[in-house]
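Could you show me around this structure, one selection at a time? I have it open in a viewer and would like to know what to click on next.

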Amino acid sequence: MQVVLLSTYEIGRQPFGLASPAAWLRRSGHSVHCVDLSTQKLEGNTVREADLIACYAPMHTATRLANTVIQNLVSLNPEAHLCFYGLYAPMNEDYLRSLGVHTILGGEFEQGLCDLAERLARDDAAGRDPTSQTEPRVSLERQEFVTPDRGALPALDHYAHFIDSAGQARTVGYTEATRGCKHTCRHCPIVPVYGGRFRVVQQQVVLDDIDNLVRTGAEHITFGDPDFLNAPGHARKLVEALHSRHPDITYDVTIKVEHLVKHAQLLPTLAETNCALVTCAVESFDEHALEVLDKQHSPQDFEYALEQLRAAGIALNPTFVAFMPYVSLEGYLDFLRTLHRLDLVGNVAPVQYAIRLLIPRGSLLLDRPETQAVIGEFDEEALCYPWTHPDPRMDQLHTDVSDYVERVQNSEVSRAEIFRNVLTLAHRAASLPDPSAAEFPTDEPALAPHVDEPWYCCAEPTTNQLLQLEVGV
């Protein structure tokens with residue numbers, strides 16, 4: 001079969017979601033053409049020659065952007081079989097099928113794509129209708145993974161870079177050691193698909209993938225696991241082996257607060273093996289909001305985790321859902337004041353001040369009465385439930401903060417000044433005097449190590465982000 005794999009956006013990363021299934025499909029004898037629409041143009045002839053076109057939908061924005069190309073795909077090749085695969089495909093199945101998508105694959109999708117290609121080849125030979133799906137729409141079967149094939153993807157220097165503590169840019173390679181998550185945070189898009197389960201990618205496959213990434217220029221590795229310490233023994237052995245093979249390579253991981261507390265004894269090992277950054281979905285400092293989200297940590301737990309990371313010498317990249325219907329205007333002010341008190345202004349990407357809660361189809365938040373009181377009908381185009389804050393000042397503040405952050409996030413405005421201006425907007429929303437000098441950093445805080453694509457994937461994107469992505473910026 002002639003297979004085209006498409007990715008629209010993967011947070012500035014070379015798309016693992018193309019490289020992994022490409023290896024599986026090529027091993028099965030299929031011809032595979034990979035296109036990353038965030039950096040490449042899709043040629044019409046590539047589409048016209050395809051038997052199977054599969055669009056990767058790992059996140060909300062990637063799915064919305066893929067929706068914009070479906071019409072062109074169908075117009076160019078109405079005979080091609082159209083598949084959506086990845087986390088957001090089964091969550092939006094009805095809508096995607098209404099646009100002409102034939103097959104939906106969620107969870108562990110590589111085997112499903114191979115089975116689909118084999119079925120299409122058989123049906124084509126037998127003259128049968130190939131549009132009736134027989135593959136599981138969500139599979140959590142344990143797979144024996146194959147080393148990803150990245151040969152046809154754009155070079156790593158086309159993607160985001162890691163900025164180290166000295167301000168030097170390092171080329172990033174992206175891989176995955178586990179998928180899914182054993183936790184069930186109510187706002188998380190992983191939960192409706194994986195339901196508290198996770199799957200391990202075999203260590204040798206991960207190490208071989210990293211070897212290939214390093215050979216093609218990677219100086220830093222991002223592990224894209226939803227939580228790197230879901231399998232702490234697997235994680236420890238993996239980073240020790242990575243450091244033994246590539247002692248100069250740094251890496252970053254994502255770990256929830258609960259695991260930073262529970263497995264604090266592993267942090268020195270992470271530091272010794274060159275872990276330079278931990279991304280942590282803190283989400284809020286509001287205890288009620290944390291309970292609604294079922295984050296399983298308290299503000300005090302976060303402060304302990306922060307202390308442990310600092311003691312180990314590992315930088316923190318905290319992410320937040322700053323605007324939720326469960327957080328008051330005073331809660332937003334407390335969020336900003338806590339960042340200042342904990343000396344985190346230099347760690348927080350400005351877009352985090354504007355992140356608004358995304359409620360996709362299937363979200364466990366829909367079971368909460370606080371959510372039902374504020375949401376509207378599901379918006380098929382936006383792929384989420386719109387909601388209105390009980391306090392109109394918060395919706396206006398969100399608009400004001402979003403507009404401001406969009407104007408300055410790629411400028412030379414310092415993080416200290418951005419923080420001061422956001423705090424001022426919040427004070428004015430609450431009819432308070434403008435903040436005093438004691439309430440914000442007077443000197444520019446040290447900029448923490450970070451990846452220069454700062455947006456976090458589990459929240460609603462701003463309008464400007466969508467506009468940038470639609471034109472491939």
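**First stop: Ser139**

Welcome! Start by selecting residues 138-139, which make up strand β6, and pick out Ser139 there. As you look around, keep in mind that this is a predicted model. Is Ser139 buried or exposed? With a relative accessibility of 17%, Ser139 counts as buried, because buried means under 20%. Now show what surrounds it: beyond its neighbours within four places in sequence, Ser139 is in contact with Gly106, Gly107 and Glu108.

**On to strand β5**

Select residues 103-107 next; this is strand β5, and Leu105 has its place in it. Leu105 is buried, its relative accessible area being 2%. Which residues does Leu105 touch, once those up to four places away in sequence are set aside? The list includes Cys83, Phe84, Tyr85, Gly86, Ala89 and Pro90, and also Gly112 and Leu113. Gln133, Glu135, Pro136 and Arg137 are on the list of contacts too. For a view across the model, select Ile249 as well: its C-alpha lies 34 Å from that of Leu105, and the two residues are 144 apart in sequence.

**Helix α3**

Go now to residues 60-76, helix α3, and highlight Thr63. Ala62 lies in helix α3 as well. Thr63 counts as buried, at 0% relative accessibility, and Ala62 counts as buried at 0% too. Color the partners of each residue. Leaving out neighbours within four places in sequence, Thr63 is in contact with Ala57, Tyr88, Asn92 and Leu383. Ala62, with residues up to four places away not counted, touches Thr8, Tyr9 and Tyr56. Before you leave, find Glu417: between its C-alpha and that of Ala62 there are 32 Å in space, and in sequence the two are 355 residues apart.

**Two helices side by side**

Show helix α8 (residues 203-215) together with helix α9 (residues 232-245). How do they pack? Their axes are 10 Å apart and form an angle of about 35°, and the crossing is right-handed. To see the contact, select Gln203, Gln204, Val206, Leu207, Asp208, Ile210 and Asp211 on α8.

**Rings and charges**

How many aromatic pairs are there in the whole structure? A search finds 16. For one aromatic cluster, select Phe285, Phe302, Phe320, Phe323, Tyr332, Phe335, Tyr353 and Phe419. Next, bring up Arg356 and Trp387: Arg356 lies over the face of Trp387, 3.6 Å from the ring centre. Then try Arg361 with Phe378, where the charged end of Arg361 sits over the ring at 3.8 Å from its centre.

**Last stop: helix α17**

Finish with residues 415-429, helix α17, where you will find Thr424. Is Thr424 buried or exposed? Thr424 counts as buried, since its relative accessibility is 13%. Display Asp434 and Pro435 to complete the picture: Thr424 touches both, with residues up to four places away in sequence not counted.

Definitions and conventions
Residues numbered from 1 in each chain as written. Predicted model: local features only at pLDDT ≥ 70, side-chain atom pairs only at ≥ 80, totals over all residues. Heavy atoms only, no water. Helix = DSSP H or I, 4+ residues; strand = E, 2+ residues; numbered from the N terminus. Buried < 20%, exposed > 50% of the residue type's maximum accessible area, 1.4 Å probe, protein only. Contact = heavy atoms within 4.5 Å. Axes fitted to C-alpha atoms, helices over the stretch in contact; angles between N-to-C directions. Left-handed = near helix turned anticlockwise from the far one by under 90°. Phe/Tyr/Trp six-rings, centres within 6.5 Å; stacked < 30°, edge-to-face > 60°. Lys NZ or Arg CZ within 6 Å of the ring centre and 35° of its normal.
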